[in-house]
Amino acid sequence: MNNQQLDVLSKFEKMQKQLKQNGRLWDSWPCDILYEKCSGVIPWKVYTIWAYSNVWKSKFAYWHIAYFLRQGKKVLIINLEVDAPHCFMNILQAVNNMNYKEVMDYKLTDDDIDFYSNLTITDDLYKLDDIVKKIEEEHYDIVFIDFVQNIEWKWMWDYEKNATVAKTIQRTAIKTWTTIYSLSQLSNSVGRDVNNGNMDFISLKGSWEYFASSDVIFVLQRCDDEIIVKISKNKYGRNGGEYAFWVDFARNQFTYRRTDDWLD
C-alpha cells in the first residue's frame, strides 16, 4: 500500500474516532438551526461569509471566533483591513459579552492569558504565499481571512488574481485539514440587490471562483437591528431559507430569532 492510500486510511480512522467519541462526525457549531443544514463545521472545507460593505460580516465572524475558542479550537485570524489590537478587542467583547466602555476598563487575568493561548491574530500578512505558509506550518483548526479580496498576489488582471486566491485557499484547507472562513465582499451592484432583499442570484466580488471554491456560502443582509442570513451555496444540504438574528452590535452578540425555511 502506497503512502497516499495510507494517508486516506489514517484520515478515515480519525473520522471514525470522532464519531465514536462525540456522537457526530463533524465539529459542533455556533447555531444549530443554521449549521445543521450544512452538516456542522467540517474540517478541510471553506465557508464564505458574504456581505456588502458595513453589514457586520466581521462582527458575525467575531461571534463565531468566540464560540470556537470556547471549544478549545486553535484559531488564526488573518486581518487585511483591521489592526490586531482592535480585532482582539472585538473578540474580547464577544467572549465576555462586554460593550466598548466595559472592555476599556477590563483587566486581563491569568485565566484570560491561558484562554487566548489558542488564538493568533495577524495584521501584517498580505501576500498569498505568506498566508499559505503560516497555515501549513502552524496547524490551526480554524482560520478566518478578513477580507479575502485584499490578499496580494503577483501582478495580473484582477480576475486572474482572485481566481488564483480562491483556488489556493480551497487547496490549502484540504491539504492542512483546516476549516477556513473567508470573508468576502459583494460587488456594488449585487450589494444593492441584496440590500433590497433580492438574494436569488449572487456573485462574489472579483471572481466567480470565489463561489466555485466555497463549500458553504452565507449571505448576510442587514435589516434594522437584525441580520438575515441566507445559505446561498451548500454542498452538504439544500440552499435557501432565511435565518434572522438579533444583533447586539456593541457586544458582538448574535441571537437567533426566527427562520423562514420553506425547505423543511
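Analyst: Let's start with a definition: a charge sits over a ring if NZ of Lys or CZ of Arg is within 6 Å of the ring centre and within 35 degrees of the ring normal. Keep in mind that this is a predicted model, where local features need pLDDT of at least 70, side-chain atom pairs count only at pLDDT 80 or more, and totals for chains, interfaces and linings use all residues. Residues are numbered from 1 along each chain as its sequence is written, and side-chain values use heavy atoms, with hydrogens and water left out.

User: Which ring does the charged end of Lys57 sit over?

Analyst: That's Phe147, with the charged end 6.0 Å from the ring centre. Lys59 lies over the face of Phe249, at 4.3 Å from the centre.

User: Why is the pair of Trp56 and Phe249 called tilted?

Analyst: Rings of Phe, Tyr and Trp (its six-membered ring) pair if their centres lie within 6.5 Å; planes under 30 degrees apart count as stacked, over 60 as edge-to-face and the rest as tilted. Here the centres are 5.5 Å apart and the planes at 40°, so the pair is tilted.

User: What makes Trp56 buried or exposed?

Analyst: Buried means under 20% relative accessible area, exposed over 50%, partly exposed in between (1.4 Å probe, protein chains only). Trp56 is at 9%, so it counts as buried. Phe249, at 42%, therefore counts as partly exposed.

User: And how do you know that Glu226 is buried?

Analyst: Its relative accessible area is 6%, so Glu226 is buried too.
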